[in-house]
Amino acid sequence: MFLNQFLLLAAALFCIGVYGVLVRKNGILVLMSIEIILNAVNINLVAFGSLTDDVAGEVFALFTIAVAAAEVGIGLAIVLLMYRNRRSIDFSEADLLKG
Amino acid sequence: MLALLASADFVRPPIDWHAAAPELTLLGFGALLTMMDIGWLEKGRKFAAPLASLALLATMIPIITLAVDGNDRSMFGGAFVVDNYSLIMKAMFVLAGYVVVLLSTNYIAEGDYWENEYYGLLLSSILGMVLMASSRDLISIFVALELLSIPAYLLATWRKRDLRSNEAGLKYYLMGVFASAVMLYGMSLLYGSTGSTLLSDINAAVSRGADPTAVVVLGVVLVIVGFAFKVSAFPFHTWAPDTYEGAPTPVTAFLSVASKAAGFVALMNIVFVGLLGRDDVVEPLMWVLAAASMTAGNVMALRQTNIVRMLAYSGVAQAGYMLAPLAVIGEVPDTALGAVVTYLVIYAAMNLGAFAVVMAVARKTRSAEIADYRGLFQYAPGLTVAMTIFLFSLAGIPPLGGWFAKFRVIEALIDANNASGVVLGVVVAVNSVIALYYYARVGIGMWAEEVPDGDLRRVDVPVSLVAAIGITAIVTIVFGLGFVVGDFTDVSLLAGG
């Protein structure tokens, strides 16, 4: 069992996702970056679970997948709402509230 | 593994229906509300708010019977625990939810948006909070967190054709989802390094050895950072003022009280049950978060001209006060737990009350500018007295509830009997003085100054708002008389029997 490869892959995906959330301005790309972080989590959970032969890791990953689907559903609804009201999905344009 | 699963006889884990009754009651009523919306459409509109209040009152019944019964109950191998601590928090969430329904009744009915779904989402968010109070396992904490957050994103975006409400929901959603993703990564590291998702097993595993491993430290930091977003602690508070300003005001009250309290409950479950043996990692982190939140929150609140934004920054500072006892969990765990719980209950009452007055005043002035509170006493003396009680309680002036809450926090910090605790106690005291300036500025404007436009028409306050202000004011005053909720449990019993 080569645990390190899985953990390194997950860590790399986590970093890519965090970079995307912080830098990208396009709504869809930000949502995709969040999905990348959540998938890094799933890789970690499944790798740890199969290392220790414990089913809890796989179960946790299933919960993460189900909840991530709901979360992104809400996110797409908000992006769609923003497109209807502003004709743009550039998150940096949402700057009415500040101070 | 599949073959193994197929050959094994499935045995249903024993379910204690009484212990799960509060959650099941909320779930049942929430489903009923949603079915009513689908089946009756517009005809169901007038039943939505009464049914939601009934749901919350009905949920109080099993909570009270469980408290009278008094036995600690534990299900699913210790993932779901009912004890005095979780019952107090459940009762607080349900009562805070009830006050939010009172605040929402007129506000939502008078807007031209769909009403039934609002209460369905509110109940589902409260269900997540009630579940969180009993969660003692990473998976159930995660599911409860998402169950309370996802409806809250929708509630913040409720006025869907209003650009400011859209923006409020967008910022809340992005920060919330990002924080929960980071927190999950931390949870996966904790699971990997301890081999269990159960908090008491995690505590046993991380306590081994004098020094923590790097993976454990990274996991702890990421999990705590994730919850710091939820409780809007500095520097993870940036969403809070914008979301509070743009969201409908009852939703703002709900987010600033119930959602923040749920973040604290999750943090307490993880810290007191799962990481108590690693206080050398948790304490410095909490110290920095607490000191930074109260100082930054108060300084930024000083220059606000909008009362909702001022309350948002004051909420950041209050989160700092509540995090402070967590910086001494190694020395005095029981006192620290009691101080945080006491502060949460009192904070819920006084902050909901302040938002109730803000809503009542906005019915006449249509504004949340602090300048429009000048001369409030001349046309709304009752509201002025109530607002003064809530603001002075938030500032921590005796004999109101907020004073007692701060007293418990400083008591815990001093009891720790070490330099870091005493220094943090001094930081709390200095910050209370800074905070008094901006709370008192609103108070002086209300009592001493003239009405800006000379308009002395009275404010038309609906019965439900009067009830909300009355309930929260009574709780704020009664707790100031030293009615103790904190000494109810021992930290070592939180993991369940």
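**Exercises on a predicted two-chain model**

In chain B, 81% of the contacts with a separation of 6 or more join residues 24 or more positions apart; two residues are in contact if their C-beta atoms, placed from the backbone, lie within 7 Å. This is a predicted model, in which local features need pLDDT of at least 70 and side-chain atom pairs count only at pLDDT 80 or more, while totals for chains, interfaces and linings use all residues. Residues are numbered from 1 along each chain as its sequence is written, and chains are lettered from A and ligands numbered from 1 in the order in which they are written.

**Exercise 1.** Determine how the radius of gyration of chain B compares with the globule rule.

*Solution.* The radius is taken over C-alpha atoms, and the rule is 2.2 Å times the number of residues to the power 0.38. For 497 residues the rule gives 23 Å; the radius of chain B is 22 Å, which is close, so chain B is as compact as a globular protein of that length.

**Exercise 2.** State which helix of chain B gives the most to the side that touches chain A.

*Solution.* The contact takes 33 residues from chain B and 34 residues from chain A. Helix 6 (138–156), helix 7 (163–194) and helix 10 (239–246) of chain B each supply at least two residues of the chain B side. Helix 7 of chain B gives the most, with 17 residues.

Methods. Helix = DSSP H or I, 4+ residues; strand = E, 2+ residues; numbered from the N terminus.
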